[in-house]
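The following explanation is intended to be read alongside the sequence and the coordinates. Please keep both in view while reading.

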Amino acid sequence: MRQFSNRYIFVFSTVMVVIVAVLLSLAATLLQPAQERNQEIEKKKSMLESIRIPASRQNAVELYDKYIRESFVINTRGEVLEGIDAFNVALRNEQRKPAEQQSLPVFRAVTDEGEQVIILPLEGKGLWGPINGYISLRRDMNTVYGVTFDHKGETPGLGAEINTPGFENMFRDKKLYEDQTFVSVKVVKGGARKDDVHGVDAVSGGTITSRGLENMLFDCLEKYNDYLLKNRN
Amino acid sequence: MNNQEKEPLFSARNIKLLTAPLHKDNPITIQVLGICSALAITVKLKPALVMALSVTIVVAISNVVIAALRSYIPDRIRIIVQLVVIATLVIMVDQILKAYAFDVSKQLSVFVGLIITNCILMGRLEAFAMANRPWPSFLDGLGNGAGYGLILVIVAFFRELLGSGTIFGYPVMEKIGIYTTGYENNGMFILPPMALILVGLIIWAQRSKDRSLIEEKQS
């Protein structure tokens with residue numbers, strides 16, 4: 001084995017670090033536009049899926065313009081706030097603010113059957129990282145029309161099952177309210193009763209993800225309480 | 001040295017580099033490396049396959065890089081250099097996937113990052129690439145990636161079939177109508193311990209078939 005001087009080792013590591021730094025920052029900068037575009041498409045695709053429109057990455061943007069009619073931002077008292085673009089509201093940042101200062105996005109859409117629904121964004125914590133999704137409500141502001149969930153890094157095959165159609169479809173026609181009281185939809189370990197309008201089956205092997213999802217639904221939707229009650233019909 | 005220069009690209013020795021890790025020198029069952037990821041991502045076949053592919057690519061390329069630089073890498077900081085090469089490659093792969101293969105990147109999620117900590121990579125760089133030329137190192141990387149992938153796919157096949165009743169998401173068990181006879185999916189297969197037991201069974205089967213693989217008893 002060749003012996004190397006300390007000077008050589010220092011020079012070697014410096015050169016190595018500089019080369020690696022240049023490579024990585026080049027990759028990050030050059031690929032950023034493509035990555036951001038992907039995220040925008042992904043967001044539109046998720047929203048469409050929550051109103052049961054199967055979109056592909058190719059037609060998501062086009063379908064989004066067709067189905068999503070209106071978007072606006074409200075506060076926790078249910079009043080519309082002017083001058084904020086709902087699509088670009090980062091829910092994660094909003095959740096760090098005090099409740100009364102948060103901007104809550106609402107998207108209005110019309111489904112294929114011509115029914116007016118609203119889409120609300122969700123953001124919460126799973127086992128390994130953030131989980132998020134969209135929920136669409138029928139005109140009664142109580143019945144779930146559809147949901148879609150996504151996650152950053154839940155365990156494949158276990159917690160990651162929350163974004164499979166099998167799990168998401170269970171939420172259809174569940175109710176958020178019991179009369180005037182907000183109860184949300186619960187994730188029941190061991191399986192929900194068939195006639196339970198507030199419960200769905202938990203993911204087996206994904207207990208913490210399921211619990212995080214349940215909290216996400218409750219925390220995010222509770223803030224819309226005033227708005228939902230005001231607009232019921 | 002001259003002999004090596006003239007060695008054909010696919011000489012018997014080089015082919016062996018490619019095939020030995022599939023059986024006699026398997027990274028999981030013989031070298032017992034990369035067990036952690038074998039437990040984590042073998043619940044379903046698809047992520048297992050994508051993971052196997054990514055590991056193969058990264059281990060092959062980093063083997064080549066380290067083998068090409070091997071006489072310039074100071075011995076005292078070689079582990080750090082190996083880690084830097086692996087980490088750089090993995091981040092590049094992750095960034096490229098995010099930009100051009102978004103669906104695959106979503107499917108793999110955190111496991112792309114976890115390739116960095118896969119012991120097979122460090123193991124091959126340290127044991128092989130530091131002492132061999134780039135071409136054999138490349139083959140060694142491909143072989144070990146394939147050997148790793150083979151075990152992953154075998155384990156994932158049984159876990160998905162018996163745990164979820166599907167193969168690549170296709171509901172096999174439902175289609176053959178076995179549920180009507182009272183059969184139920186075994187939840188145990190979904191949990192990580194079952195992967196360990198399956199790997200153990202593979203090790204047992206492999207060694208009882210080929211007794212030369214059994215380690216000598218230490219007295």
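This is a predicted model: local features need pLDDT of at least 70, side-chain atom pairs count only at pLDDT 80 or more; totals for chains, interfaces and linings use all residues.

Residues are numbered from 1 along each chain as its sequence is written, and chains are lettered from A and ligands numbered from 1 in the order in which they are written.

Chain A contains six helices and 10 strands; helices (H or I, at least four residues) and strands (E, at least two) are DSSP runs, numbered from the N terminus. Along the principal axes, its C-alpha atoms fill a box of roughly 80 × 45 × 40 Å. The radius of gyration of chain A is 22 Å, whereas a compact globule of 233 residues would have a value near 17 Å. That radius is taken over C-alpha atoms, and the globule rule is 2.2 Å times the number of residues to the power 0.38. Of the 233 residues of chain A, 32% count as buried. A residue is buried if 20 or more other C-beta atoms lie within 10 Å of its own, exposed if 12 or fewer, and partly exposed in between, with C-beta atoms placed from the backbone. Among the contacts in chain A with a separation of 6 or more, 51% come from residues 24 or more positions apart. Two residues are in contact if their C-beta atoms, placed from the backbone, lie within 7 Å.

The sheet may be considered next. Six strands of chain A form an open sheet in the order β2-β1-β3-β4-β5-β6, with antiparallel pairing; two strands pair if DSSP finds at least two bridges between them. Because β2 (80-81) and β6 (144-151) of chain A stand at the edges with a single partner strand each, one side of each is left without a neighbour in the sheet. Helix α1(A) packs on this sheet and touches β1, β3, β4, β5 (130-137) and β6 of chain A; its direction makes about 145 degrees with that of β6(A). Here axes are lines fitted to C-alpha atoms, for helices over the stretch in contact, and angles run from 0 to 180 degrees between N-to-C directions.

Within the sheet, β1(A) and β3(A) run antiparallel and are joined by six bridges. In this pair, A:I68 stands opposite A:A109 of β3(A). Four bridges connect β3(A) with the antiparallel strand β4 (residues 116-125) of chain A. A:R108 stands opposite A:I118 in β4(A), and A:V110 has A:Q116 in β4(A) as its bridge partner. These two strands, β3(A) and β4(A), form a hairpin with five residues between them, and A:G114 in the turn has a positive phi of about 85 degrees. β4(A) is also joined to β5(A), again antiparallel, by eight bridges, with A:E123 partnered by A:N132 in β5(A). Four residues lie between β4(A) and β5(A), which form a hairpin. Seven of the 10 residues of β4(A) are buried, so this strand is largely enclosed by the rest of the structure.

Helix α2 (residues 60-67) of chain A has A:A60, A:Y64 and A:Y67 buried. They lie on the same side of α2(A) because they cover an arc of only 80 degrees around the axis; the arc is that of the directions from the helix axis to the C-beta atoms. An α-helix has 3.6 residues a turn, so residues three or four places apart point the same way. The cover over the buried residues of α2(A) includes α1 (6-50), β1 (68-74) and β3 (104-110) of chain A. On the other side of α2(A), A:E62 and A:D65 are exposed.

Contacts between the chains involve 26 residues of chain A and 25 residues of chain B. The side of chain A that touches chain B has 16 nonpolar, eight polar and two charged residues. In this classification, Ala, Val, Leu, Ile, Met, Phe, Trp, Tyr, Cys and Pro count as nonpolar, Asp, Glu, Lys and Arg as charged, and the others, Gly among them, as polar. A:A27, in helix α1 of chain A, is in contact with B:M92 and B:Q95, leaving aside its neighbours within four places in sequence. A:A27 counts as partly exposed because it has 18 C-beta neighbours inside 10 Å.

A:D173, in the loop between α4 (165-168) and β7 (177-178) of chain A, is a residue other than glycine with a positive phi, near 65 degrees. A:D179, in the loop between β7 and β8 (181-182) of chain A, has a positive phi near 55 degrees.
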